[in-house]
Amino acid sequence: MEEKYETLKIQQESPNSGVFNLIINRPSVSNALGLNFFSEFPKVLNALDQNPTVAVIVLSGSGNHFCGGIDLKSLAAMADDNSGDQGRTSERLRRKIKFLQDAITAMERCRKPVIAAIHGACLGLGINIVTACDIRYCTKDAIFSVKEVDLAITADLGTLQRLPGIVGFGKAMELSLTGRRFSGDEAKELGLVSRVFGSREELKEGVRTIAEGIGGKPPLAVVGTKAVLIRSRDVNVEQGLDYVATWNSSMLLSEDLTEASSAQKQKRKPTFAKL
């Protein structure tokens with residue numbers, strides 16, 4: 001955890017906490033993100049996922065904004081990569097897009113819950129990122145936009161695939177075609193975020209409390225709930241039920257189950273082994 005990153009920083013909430021803050025750290029450019037972010041982000045998530053001390057990850061932005069979108073210099077560099085052979089140039093660009101997509105999907109692969117704490121601008125790439133998070137909260141003054149259409153891009157890092165399942169197909173279509181800005185309150189009305197906080201300080205404290213609460217629950221049940229929900233989103237009900245039956249047949253009979261039951265009977269706070 002001591003490794004230094006160009007676009008991110010990691011902070012444990014407190015010495016004994018299982019909550020770790022993963023902070024997008026390019027405040028001088030409103031947290032606009034270049035290609036180095038896509039290399040660092042999955043590596044950091046994997047390190048946090050494999051660290052048994054980590055129970056919950058809170059993703060936020062340093063400075064005045066959560067994420068101002070993609071760094072236009074990186075976008076230009078990708079567009080200028082032309083070998084002269086259109087077929088080979090296109091195949092190389094497809095591989096690059098798949099690489100960028102994989103970095104965002106790393107949040108879904110991460111076993112630990114990832115909570116987005118959004119303030120200020122959350123534009124373009126920011127929407128791709130937060131729609132891949134497990135839970136989203138924001139401040140009242142947060143501003144959102146599916147910005148890609150205004151940059152002559154069909155959003156290709158997950159927004160068009162994940163946003164309809166969160167806010168509904170019709171609303172996702174309207175937001176994506178217009179690229180219009182919408183507020184934190186409207187994000188709550190749409191279902192993009194679960195709760196709106198009055199200030200950044202209230203957001204930080206509120207999300208910390210929620211994350212600590214999740215972090216205190218049985219770890220196998222937490223990671224199982226995330227895994228089963230993500231799997232069930234992409235299959236029919238029968239397939240989802242079959243998946244959770246298989247999951248619980250291998251995970252249910254654990255020390256966590258015994259401890260949770262004993263704590264309830266003894267009216268005490270349970271203590272679970274790290275995962």
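A salt bridge is defined here as a side-chain nitrogen of Lys or Arg within 4 Å of a carboxyl oxygen of Asp or Glu. The model is predicted, with local features requiring pLDDT of at least 70 and side-chain atom pairs counted only at pLDDT 80 or more, whereas totals for chains, interfaces and linings use all residues. Residues are numbered from 1 along each chain as its sequence is written, and side-chain values use heavy atoms, with hydrogens and water left out.

The chain comprises domain 1 (8–216) and domain 2 (219–266), with bounds taken from an automatic or database domain assignment. Over C-alpha atoms, the centres of domain 1 and domain 2 lie 27 Å apart. Contact (heavy atoms within 4.5 Å) involves 9 residues of domain 1 and 5 residues of domain 2. The two domains bury about 540 Å² between them, with 56% of this area on carbon and sulfur atoms; buried area is the accessible area (1.4 Å probe) that two parts lose on being put together, summed over both.

Across the interface of domain 1 and domain 2, 2 salt bridges were identified. Glu108 is paired with Arg233 in a salt bridge whose closest N and O atoms are 2.9 Å apart. On the side of domain 1 that touches domain 2, the residues comprise 5 nonpolar, no polar and 4 charged. In this classification Ala, Val, Leu, Ile, Met, Phe, Trp, Tyr, Cys and Pro are nonpolar, Asp, Glu, Lys and Arg are charged, and the others, Gly among them, are polar.

The whole structure was also searched for disulfides (pairs of cysteine sulfur atoms within 2.5 Å), and 0 were found. The cysteine sulfur closest to that of Cys110 belongs to Cys133 and is 10 Å away, too far for a bond. Cys110 is buried, at a relative accessible area of 3%, where buried denotes under 20% relative accessible area, exposed over 50%, and partly exposed in between (1.4 Å probe, protein chains only). Cys138 likewise takes part in no disulfide, the nearest cysteine sulfur being that of Cys122 at 9.0 Å. Cys138 is buried, with a relative accessible area of 0%.
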